[in-house]
Amino acid sequence: MPRPPRSLAFHQGHGRFNHIARAFRTGYPLGLWNCSSRARDQDSDDDDDSCFVHYGCPPSYDDDPFGAFRRVNTPFGEIDDAESSANNSNNEILTLKVTSVGFNIVENCRHHHTSEFDITQSDETPNPQLVVRRGQPFNITVTFNRPYDKSTDDLRLVFQAGDEPLPSKGTEVEIVLSDVDLPKEWGAKITKPEGNLLYLTIFTPPNCYIAKWKLKVDVLKKADRKTTIYRYSHREPVYILFNPWCKDDMVYKEDGLQEYVLKDTGKIYAGTEEDIESRPWNFGQFEEQVLDCAMYLLNRSQLKWPARGNSIKIIRQLTALVNAPDEGGVLEGNWSGDYKGGKPPLTWTGSAPILQEFYTKKQPVKFGQCWVFSGVLTTVCRALGIPARSVTNFSSAHDTDGSVCIDIHFNSYGEVDEKTNSDSVWNFHVWNEVWMARPDLPPGYGGWQVVDATPQEISGDEGYCCGPASVVAVRKGELGLLYDVDFVFAEVNADIVHWYPRDGSFVRTKTINNCVGLEISTKSAVGDEREEITYGHYKYQEDSPEERAALLNALGKRDDRRLNQRDQQYESMYDVGPKDVECELVVKDGVSVGQDFDVVLQVKNKSSENRTVGGRLAIKTMFYTGVEGDKVKKLQFQDSVQGGKCMEQVIEVQVEDYRSKLKDMCMIKLTAIARVQETNQVLTLQKILKLSKPSLTIKVPSIIYQKKSFDVEVSFTNPLDQSLTNCYLEVEGPGLQKRQKHPQRNVKPKQTLVTSVELTPRKIGERELVIIFNSDQLEDINASKVVHVM
């Protein structure tokens with residue numbers, strides 16, 4: 001049976017039904033939606049008259065086709081009796097019509113690894129939705145008003161995405177039923193007919209657009225040069241996601257998917273390379289509204305539809321949309337220490353509340369810093385089906401001029417000169433890795449890709465986005481490959497160069513190699529431990545031939561001579577005598593907030609002659625980005641050191657010296673500069689001290705049951721000699737507890753707080769509970785606990 005002219009049919013459908021859309025929005029009841037018109041050229045004998053008869057769900061003209069589905073209770077009738085009577089009076093067979101479509105949500109979602117989404121579960125929502133992965137078949141059941149007869153009934157399925165679906169864009173797909181499998185393209189196979197039921201298997205291609213697709217079922221009837229299309233529109237959409245289990249999908253990965261796609265909790269690492277701490281984080285990709293928010297972001301991205309199936313294009317846009325500066329994205333960054341009008345970054349424990357607030361208000365959420373941006377991006381990627389993990393780079397270089405050097409200038413007082421420093425070294429920086437093929441690059445550069453949603457630098461003319469940068473390309477120093485490989489390479493490989501003022505200019509006092517890109521860490525895929533991925537992943541072993549070749553490749557050098565010449569030209573910039581004095585900054589390990597501590601500058605004279613050494617030792621609070629905060633204490637010294645002997649300069653730091661000056665991460669920067677009078681040798685040193693916070697203890701019952709409440713006991717001890725005020729706990733856990741805030745009483749100096757909260761778990765299985773304590777004086781006292789819900 002020939003199909004009706006496509007352009008005519010869609011012209012009629014969109015032109016004739018605007019009044020229906022208006023009626024639907026205003027709640028006016030509609031029974032039969034029927035329109036018919038003559039063919040465009042009524043004088044032509046070659047064109048058929050054709051019309052649509054719509055029923056089921058009315059045509060939708062929502063401004064946001066990716067908005068969360070909302071059930072409308074307006075009743076819609078079947079095709080009226082007059083039409084059926086007319087058919088019977090002409091002795092025709094009763095016209096085949098769809099009475100309902102079943103999505104078999106429980107079975108399909110189990111096979112597609114999507115059962116954890118709240119929107120698929122009947123006990124989480126009154127209107128469960130179907131979420132499937134592309135490149136993998138799913139089953140539906142169509143119920144008709146009579147048995148389907150393939151010899152006489154012309155049936156097709158229509159999938160539509162977006163607000164203006166068109167075949168030319170690939171956003172409207174018509175499927176004619178087949179008897180064979182079509183595993184790599186759109187198709188539908190009849191599994192079995194059973195009375196008025198027809199069981200169908202739907203196939204989607206592995207490059208299918210990631211979107212919410214609308215399903216329509218057409219029955220075509222042609223008689224007397226007139227084609228009538230009875231179109232049933234299904235009310236619920238089909239969410240189609242990436243499929244890392246499908247070998248033909250760009251994001252296919254053989255292992256680790258339980259962690260990198262399905263795990264909804266995890267760890268994000270912070271601190272310093274010498275004092276690494278793990279922060280529990282609830283990714284919550286299956287929580288209510290999170291998937292709808294991810295789909296909304298794709299719609300906001302303005303990606304052309306052909307790019308909506310390409311993980312490379314999608315992830316690059318997501319790195320821009322998770323931050324706010326350009327597109328008014330999910331999260332507004334704030335590193336000032338003043339968080340009025342928003343939530344301090346350290347007080348977030350998970351991504352779901354951020355995405356839910358953004359989706360509800362359509363305004364950037366305040367405030368985030370790098371680990372929050374990373375946690376949110378991990379959540380969005382896992383929700384869409386892209387394997388993702390959060391990665392922390394300790395001593396992370398921020399190179400602003402592409403020199404692969406971090407230049408630190410000191411002033412004549414021996415302090416860091418912030419006015420002349422545009423580069424910086426963050427104590428840590430958290431970005432993401434996503435797994436995907438890279439057909440846009442030479443072979444061998446697929447796999448893990450660095451992406452970063454923290455708005456640091458503008459990438460070309462595309463705003464604040466970063467990646468995907470192939471980790472293999474970073475390791476090999478292939479800076480010319482897309483995207484932002486040069487920026488990431490500097491973050492893990494840059495040298496630090498110290499400059500000191502001399503005769504109206506600056507001279508280089510020290511070049512520190514192998515001091516950035518340390519202890520690069522992520523949560524293990526096979527346990528709860530930290531996995532260190534610096535060498536063999538981001539870098540070759542130091543001083544190995546591969547490491548030297550990667551550096552030469554990155555700097556565009558063909559041999560070592562030019563590197564040596566570069567080093568020599570710096571050395572010749574000023575004259576010094578023997579470099580026979582060494583300095584070191586020493587602080588005891590394990591200093592906690594609320595404790596006094598000593599900072600010791602050790603000076604060792606390796607020569608046989610006396611040396612006169614003078615300089616300054618300064619202590620300041622700092623932000624984790626390397627930016628200095630407030631002065632705590634300083635010491636100026638000059639002393640003679642005998643040949644072969646050592647000298648020590650000590651600063652005693654008491655709690656009252658730093659307590660009111662600490663920044664978010666409780667970090668302190670120690671800076672020393674020393675000049676040897678006899679040789680003109682200048683020594684510059686920096687060291688970061690992170691003060692430890694008290695621990696939080698969580699106790700739960702040994703046996704926990706679904707939908708039965710239980711008590712969680714929480715305790716910790718105030719380490720300060722002042723009371724903690726405006727105290728509260730925040731409790732969160734996917735499948736256990738949506739985020740709740742529990743105010744607490746003030747905690748007196750050195751007093752132990754013991755309290756309890758009541759939870760009622762929603763889902764069975766292994767779940768992770770995250771609790772954080774905050775106050776005006778101390779924040780981000782956090783802990784997590786894995787519980788098993790029966």
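Guide: Strands here are DSSP E runs of at least two residues, helices are H or I runs of at least four, both numbered from the N terminus, and two strands pair if DSSP finds at least two bridges between them. It's a predicted model, so local features need pLDDT of at least 70, side-chain atom pairs count only at pLDDT 80 or more, and totals for chains, interfaces and linings use all residues. Numbering runs from 1 along each chain as its sequence is written, and side-chain values use heavy atoms, leaving out hydrogens and water.

Visitor: How many bridges join β28 to β29?
Guide: 11, with β28 covering residues 611–622. Ile-619, for instance, has Lys-633 in β29 as its bridge partner.

Visitor: New topic: which residues touch the most other members in the largest nonpolar core?
Guide: Leu-291, Leu-318, Trp-371, Leu-384 and Phe-428, out of 69 residues. Such a core is a set of buried Ala, Val, Leu, Ile, Met, Phe, Trp, Tyr and Cys residues joined through side-chain atoms within 4.5 Å; buried means under 20% relative accessible area (1.4 Å probe, protein chains only), exposed over 50%, partly exposed in between.

Visitor: Which element gives the largest share of this core?
Guide: α9, with 10 residues.

Visitor: And what does Leu-318 touch?
Guide: Skipping residues up to four places away in sequence, Leu-297, Leu-298, Leu-377, Val-380 and Leu-384. Contact means heavy atoms within 4.5 Å. Apart from that core lies another, of 57 residues, including Met-647 and Ile-771.
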